[in-house]
Amino acid sequence: MSEHAPEATMGRAFASAIGADALDRIQAGTMRTVYRNVPFFKSPFDISLYLQLLSRLMPRTVIEIGTKFGGSALWFADMLTAHGVADPAVLSVDIEPLARFTDPRITFLQGDAKRLDKVLPPDLLQRCARPLLVIEDSSHHYPETMAVLEYFHAHLQQGDYIVVEDGIVSQLSGAHYRQYQDGPNRGVADFLARHEGAYAIDTALCDQFGHNVTYNPNGWLRRT
Ligand SMILES: C[S@@+](CC[C@H](N)C(=O)[O-])C[C@H]1O[C@@H](n2cnc3c(N)ncnc32)[C@H](O)[C@@H]1O
């Protein structure tokens with residue numbers, strides 16, 4: 001396990017081309033963003049990048065680890081419907097779910113990112129319609145990041161995606177972001193090194209707006 005922030009993975013620097021001042025202002029706006037009046041913590045870049053991915057991949061199942069208030073689960077469900085995906089399904093897991101609404105397309109589950117076998121057992125994952133889009137957006141600490149990546153590694157099929165969110169915390173200036181100890185980027189680097197050849201970084205998404213102009217630097221991963 002790497003103890004320090006990795007500079008690069010697969011020959012790609014993690015550093016985002018978003019300037020420091022702009023990034024702090026974008027983050028302030030992101031934390032105020034709502035979708036259909038539910039808080040929805042996605043940056044404007046990533047809202048656009050997910051739309052590119054959804055058009056291309058047409059996932060029939062989205063699994064997110066980290067629900068919070070459910071804004072992203074609702075947005076993904078609506079976007080799958082808007083894209084004409086038949087019988088879209090969103091499974092959203094949180095250790096402390098706070099969603100206060102229901103939606104027939106969304107299943108909210110209580111569970112720990114470090115014990116996904118309990119909440120998303122293999123037989124359930126086997127029944128999920130493919131392609132699958134998995135989003136790790138839980139604690140942003142290294143152990144949870146690695147636990148989610150390793151758990152899904154056994155269940156992803158060629159062409160499925162797993163997105164590791166919020167590696168950008170390493171570039172945010174607020175002192176409280178240091179608590180994450182660069183968990184997402186360290187997780188991505190170690191996971192890719194461990195499973196050499198099994199994943200491709202989707203550089204078209206990472207770099208659509210400039211090098212890693214996303215909250216998920218080098219974190220858009222396609223199972224090859
Ligand atoms: C960044 S928020 C999720 C935001 C949401 N996906 C969105 O975009 O609107 C992170 C969530 O992860 C949850 N979380 C933290 N540690 C977790 C763990 N070990 N297992 C599952 N969820 C966890 C927190 O309770 C919190 O609700």
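How many helices and strands make up the secondary structure of the protein? The answer is eight helices and 11 strands. Helices (H or I, at least four residues) and strands (E, at least two) are DSSP runs, numbered from the N terminus. This is a predicted model, in which local features need pLDDT of at least 70, side-chain atom pairs count only at pLDDT 80 or more, and totals for chains, interfaces and linings use all residues. Residues are numbered from 1 along each chain as its sequence is written.

**View 1. The whole protein.**
The radius of gyration of the protein is 16 Å, close to the 17 Å from the globule rule for 224 residues, so the protein is as compact as a globular protein of that length. The radius is taken over C-alpha atoms, and the rule is 2.2 Å times the number of residues to the power 0.38. The C-alpha trace spans about 40 × 40 × 30 Å along its principal axes. Of the 224 residues, 45% are buried. A residue is buried if 20 or more other C-beta atoms lie within 10 Å of its own, exposed if 12 or fewer, and partly exposed in between, with C-beta atoms placed from the backbone. Among contacts with a separation of 6 or more, 73% link residues 24 or more positions apart. Two residues are in contact if their C-beta atoms, placed from the backbone, lie within 7 Å.

**View 2. The shell around the ligand.**
Of the 21 residues around the ligand, Gly66, Lys68, Ser72, Ala113 and Ser139 come nearest. The elements giving two or more residues to this shell are β5 (61–65), α3 (71–82) and β6 (89–94). A residue is near a molecule or strand if its C-beta atom, placed from the backbone, lies within 6 Å of it. By type, the shell divides into six nonpolar, six polar and nine charged residues. Ala, Val, Leu, Ile, Met, Phe, Trp, Tyr, Cys and Pro count as nonpolar, Asp, Glu, Lys and Arg as charged, and the others, Gly among them, as polar.

**View 3. Strand β5 and its partners.**
Five of the five residues of β5 are buried, so β5 is largely enclosed by the rest of the structure. Thr61, Ile63 and Ile65 point one way, while Val62 and Glu64 point the other way. β5 pairs with β6 in the parallel sense over five bridges. Thr61 has Ala89 as its bridge partner in β6. The chain passes from β5 through α3 to β6 in a right-handed β-α-β crossover. Right-handed here means that, with the strands pointing away from the viewer, the path from the first strand over the helix to the second runs clockwise. β5 also pairs with β8 (residues 132–136), again parallel and over five bridges. In β8, Thr61 has Leu132 as its bridge partner. Two strands pair if DSSP finds at least two bridges between them.

**View 4**
β8 and β9 are parallel and share four bridges. Leu133 stands opposite Tyr161. From β8 the chain runs through α6 (residues 142–153) to β9, and this β-α-β crossover is right-handed. β9 and β11 (residues 220–223) run antiparallel, joined by three bridges. Here Tyr161 stands opposite Arg222.

**View 5. Asp137 in its loop.**
Asp137 is found in the loop between β8 and α6. With 24 C-beta neighbours inside 10 Å, Asp137 counts as buried. Leaving out residues up to four places away in sequence, Asp137 touches Glu64, Ile65, Gly66, Glu165 and Asp166. The C-alpha atoms of Asp137 and Gln181 are separated by 15 Å, at 44 residues apart along the chain.

**View 6. Backbone exceptions.**
Most residues other than glycine have a negative phi, and most peptide bonds are trans. The peptide bond from Arg130 to Pro131 is cis, with omega near 0°. Pro131 sits in the loop between α5 (122–127) and β8. Lys68 has a positive phi, near 55°. Lys68 belongs to the loop between β5 and α3, and with 20 C-beta neighbours inside 10 Å it counts as buried. Gln181 has a positive phi too, near 50°. Gln181 lies in the loop between β9 and α7 (183–194). With 16 C-beta neighbours inside 10 Å, Gln181 counts as partly exposed.
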